[in-house]
Structure formats: C-alpha cells, structure tokens
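Please consult the sequence and the structure shown here alongside the text.

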Amino acid sequence: MFEKKLINLIRDIYPNKKDILLHEPIFHNDEIQNLSNCINTGYVSSAGKYLEKFKKKVLQTTNAKYACLTSSGTAALHLSLIASNIEKDDEIITQPFTFVATINSILYTGAKPIFIDIDKDDFGLSPEKLNEFLNNNTFLNKKGLLINKRSKRVIKSVVSCDLLGSSAKQLEIKRICNKFNLIYISDSSEALGVQYKKKHAGLYADIAVLSFNGNKIITTGNGGAIFCNNKKVIQKISDLSSTSKINHKYEFFHKQIGYNYRMSNINASIGYSQIKKLEKIISNKKKINNIYKKFFYENNYEFFEVNKNIKSNFWLNLMMVNSNKRKNSIIETLLKNNIYVRPSWFPICDLQFCKSFERYKIENTYKIYQSLICLPSGIIYE
Ligand SMILES: Cc1ncc(COP(=O)(O)O)c(C=O)c1O
C-alpha cells in the first residue's frame, strides 16, 4: 500500500522521532550565544547591534539596496500597503491561493481584494489572467488612475505571492503593472533564497516582503522584513514602522500615526545566526527534496518541481493526487501515524469574510487545493 511506503520513507528521513512535524526550526549554540549576548547588552527592543547585522545579511541575501525589519510578515505587508497610499475602498488585485495573512493585511487598510487565479506551474498570480482582466474590465482615467468598470473604484496595486519554495512570474507581472499604472507588492514571505530568472524573488516588485516566522526557512521567532531598491519608499516605511518621531533632543513630536511594527534586537540576534546558515540549510533541504523526488517517481505519483526559471529554496516538499477524497485519506492516515502533513490553504475567496469580493477565473486555485499535500520538510541533523 502506497501510504505505508510513504510513512516508511518519512520515518527513514527523520529517524528517532515520534512526532514528525511539517517544518521544525533548528537551533545551535550560536543562536543561544547571540541571544545571551543581546540580553547582556540590555538592548532588547528596537535598538541594538543585531538589528544592523541582521539587516545587512538580509540585504546581502536578497541583493536589495534597502530594507526595514519588522515584527512579522503580516506587519511588513500592512506597512507596504500603507506606504503605497492604499485607502479605504481602493481595490487591490491578489490571489486566492495564499496564506490568509496576505488578504488580512489588505483588509486592514479598508481596501477590497479582487481575486485573480494562479498559474498551476508556480502557484503565483497568473500574468495571463491578470492582463486579460485588466484589458477587459478597467480603463485609465484622465488623472491616470485605473478604474474598475464594474465597481467604479480605483485599482491601486497588485499583491502576488511566492509560495511553497516557488516564485510567481514576477518579471511578467511587473511589466503588466507598469502598463496599467499599478504598484506591485510581492508577498515573498516564504521565499528567502528563491530566485526568479536569476534575481532574488521580490526584487522585480516595487516592494517585497519576507516572514521569519518559526515555520519559515530561517526564523527570528516572530519577524519580517520589507526590501526594495527605492530609498524614499523604505524611509517612509521605516518611519511608519516606528512612532514617526521627529528627531529632537527631548520633545515627543510625531509626524503621523506610527504603527510600532519594528523587529526587536532579541529577534534579530536569533535571525543573525540563522541567516548565516541559509546556504547550508538550502543544500540540506535539496537533499531531502531529491529523496522525495526519487520515491514519487518510482511510485508513479506526481511530485511538484519548480519550472526552469526558478531556483527553489526547497521550503516545503509537495505531492499531488488526483482527487480531494484521496488527498484527505492520505492526510488522515499520516496524521494517525504522527506525521504532520497538511493540505494547502482553503481558497480564500470562499472564506465567509471574503465571499462578496470580485473574482476572476478561479480554476487552478481549486485544482491545486484539491490535489496538493505538503510533506515534512525540516532540515535533517548532520
Ligand atoms: C504567504 C505568506 N504571507 C504572509 C505570511 C505572514 O507572515 P507572519 O506569520 O510572519 O506574519 C506568511 C507566513 O506566515 C505567509 O506564508
């Protein structure tokens, strides 16, 4: 029976573990050392040397010019939208196949999402459907604002996602955004170390976001970052991420509402150790990916592989089956055996609080939801 073979394989990859989790963080002595150093300095909040050190590493890894560290990926998304002047009743084009935080951050601003389908080969927003929707359903008014013919609202931005070790077709999305005067925000929360057409995921966008949550490829505990090549944008975001205090010897003057979404030095001290190991982590995860790939090939099951334009970080390993029923049955069998596989996200456009928003040709989202299973993918100790 296939399930039995799969269970044996996963237990071989992760020996001596009763519970096999989807993606466990792994820490060594250096995380503990840095954390302890950080506490000893007394700088445990929004100032301290680890924030600078970690930010420098984020810039080196992404090859971006500027970055701002935040308290979470969700906070980073929210700040990116506020800095893009997204306001109540604006519309934002996004994808229904993602973690709910992408959509939550849009809803925080009072804007309304328009859901457009993903591509099956990379889980990113489909450039073809995006272009088609914009050509048929919008016009640019005299002020250069993009108007949705149906709702009469202004569409201001596109938020596409780089998911599960893959990347959206970012160059193609950026070209469409330029044509229609849209700000391109990339939710690259899961994509540290991923490349699309030889550039780090997110670099094609106007603003890109990372998450360092405990289940990501590296973690700071809770944490996130925004990166881009526009100095003015990052200055605005940095201001918003604090209390927007004007430099003064002692007075508390504030320019605008600030959000206090900054990362703490404690979180950065952990992240600084983790990010130094990123290359090692990716090559360790590539080995796991190869083991799975061989197994699925030999057993005639579909296993997700990124297309040739993408260099993956192998964050999660993904198998595909041919029905929702089969998917649920495999998940339940593995869960009973303490192997914590999981399905992909329920299509967000069908969640109660999103049902009323506009949607366009959502077909692949359903197909992927019904077929995909995420497999344990944490690194193996060496
Ligand atoms: C695609 C995506 N967007 C946003 C987030 C939110 O990040 P965080 O949990 O750091 O707020 C996550 C991860 O949790 C994610 O996977």
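## Cavity lining

In this predicted model, the lining of the largest cavity consists of 6 nonpolar, 3 polar and 2 charged residues. Here Ala, Val, Leu, Ile, Met, Phe, Trp, Tyr, Cys and Pro count as nonpolar, Asp, Glu, Lys and Arg as charged, and the others, Gly among them, as polar. The lining is formed by His23, Glu24, Pro25, Ile26, Lys216, Ile217, Ile218, Thr219, Gln274, Ile281 and Ile379; lining residues have an atom within 4 Å of a cavity point.

Domain 1 (2-27 + 277-375) and domain 2 (29-276) each supply at least three residues to this lining, the bounds coming from an automatic or database domain assignment.

## Cavity volume

The structure contains 1 cavity of 30 Å³ or more, a cavity being a set of points on a 1 Å grid over the protein atoms alone where a 1.4 Å probe fits but cannot get out. The volume of the largest cavity is about 70 Å³, taken as the space filled by probe spheres set on the points, which are joined across faces, edges and corners.

## Cysteines

The structure has 0 disulfides, a disulfide being a pair of cysteine sulfur atoms within 2.5 Å. The sulfur of cysteine 177 lies 13 Å from the closest cysteine sulfur, that of cysteine 161, which is too far for a bond. For cysteine 228, the closest cysteine sulfur belongs to cysteine 68 at 9.7 Å, again too far for a bond.

## Basis of the values

Residues are numbered from 1 along each chain as its sequence is written, and side-chain values use heavy atoms, with hydrogens and water left out. Local features need pLDDT of at least 70 and side-chain atom pairs count only at pLDDT 80 or more, whereas totals for chains, interfaces and linings use all residues.

Notes:
On a 1 Å grid over the protein atoms alone, a cavity is a set of points where a 1.4 Å probe fits but cannot get out, and a pocket is an open set with protein on both sides within 12 Å along at least five of seven lines; lining residues have an atom within 4 Å of a point.
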